[in-house]
Amino acid sequence: MAGMTSVRWNAVCIDCSPAHFERMVSFYAELLDLQVVDQEPRWAALREPGGRTGINVQAEDGYTAPVWPAAAPKQAMMMHFEIETRDVPAAVASATSLGATEAPWQPPDRDATTLRVMLDPAGHPFCLWS
């Protein structure tokens, strides 16, 4: 748009409790092969090797983990990552070894070999799919 300041999307910030902060930084760095390029006691920036796009992790004292599937009035997820892989069962095993868990509820209309809903160490849902 003419006259607008140039903008560029560079990261999504994921909140977590202070108790989960270090685990979350390690988890996403290893799962997505991101580099920790900046870290403070309660905030970290993780970027792809090219340095443009990534994830920030931020510790919040009042963090409440979302529930999956949504169940009002509990905290609902606001967004989730869609992570593509060639081998969903292998990716599930890898993510689990890094601290993720399989969500107890899985979409009944999806093939478990092509989609798994996972929970990161702070409880955020993310999808592994092929």
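The legends below apply to a predicted model.

Figure 1. The C-alpha trace spans about 45 × 35 × 35 Å along its principal axes. Read along the sequence, the elements follow the pattern β-α-β-β-β-β-α-β-β-β. The chain has 130 residues, and 37% of them count as buried. Among contacts with a separation of 6 or more, 52% join residues 24 or more positions apart.

**Figure 2. The charges of the chain.** The chain carries 9 positive and 16 negative charges. Their mean positions are 3 Å apart. Side chains of opposite charge can pair when their charged atoms come close. In this model the count comes to two salt bridges.

**Figure 3. A salt bridge between D61 and R42.** The closest N and O atoms of D61 and R42 are 3.1 Å apart. Both partners sit in loops that belong to distant parts of the chain. D61 is in the loop between β4 (54-59) and β5 (81-84). R42 is in the loop between β2 (35-40) and β3 (43-47). The two residues are 19 residues apart. D61 has 62% relative accessibility, so D61 counts as exposed. R42 reaches 35% and therefore counts as partly exposed.

**Figure 4. A salt bridge between R116 and E102.** Here the closest N and O atoms are 2.7 Å apart. This pair joins two strands, again linking distant parts of the chain. R116 belongs to strand β7 (residues 115-119). E102 belongs to strand β6 (residues 101-102). The partners are 14 residues apart. R116 counts as buried because its relative accessibility is 16%, and the cut-off for buried is under 20%. E102 has a relative accessible area of 38%, so E102 is partly exposed.

**Figure 5. A tilted aromatic pair, F27 and F126.** The structure holds four aromatic pairs, and this is one of them. The ring centres of F27 and F126 lie 5.9 Å apart. The angle between the planes is 55°. F27 lies in helix α1 (residues 21-31), and F126 lies in strand β8 (residues 125-129). The pair therefore ties together parts that are 99 residues apart in sequence. F27 and F126 are both buried.

**Figure 6. An edge-to-face aromatic pair, W68 and W105.** The ring centres of W68 and W105 are 5.6 Å apart, with 65° between the planes. W68 lies in the loop between β4 and β5. W105 lies in the loop between β6 and β7. The pair therefore ties together parts that are 37 residues apart in sequence. W68 has a relative accessible area of 27%, so W68 is partly exposed. W105 is also partly exposed, with a relative accessible area of 37%.

**Figure 7. An aromatic cluster.** Ring pairs link F27, Y28, F81 and F126.

How values were computed: Residues numbered from 1 in each chain as written. Predicted model: local features only at pLDDT ≥ 70, side-chain atom pairs only at ≥ 80, totals over all residues. Heavy atoms only, no water. Salt bridge = Lys/Arg side-chain N within 4 Å of Asp/Glu carboxyl O. Helix = DSSP H or I, 4+ residues; strand = E, 2+ residues; numbered from the N terminus. Buried < 20%, exposed > 50% of the residue type's maximum accessible area, 1.4 Å probe, protein only. Phe/Tyr/Trp six-rings, centres within 6.5 Å; stacked < 30°, edge-to-face > 60°. Contact = heavy atoms within 4.5 Å. Lys, Arg positive; Asp, Glu negative; His and termini not counted. Charge placed at Lys NZ, Arg CZ, Asp CG, Glu CD.
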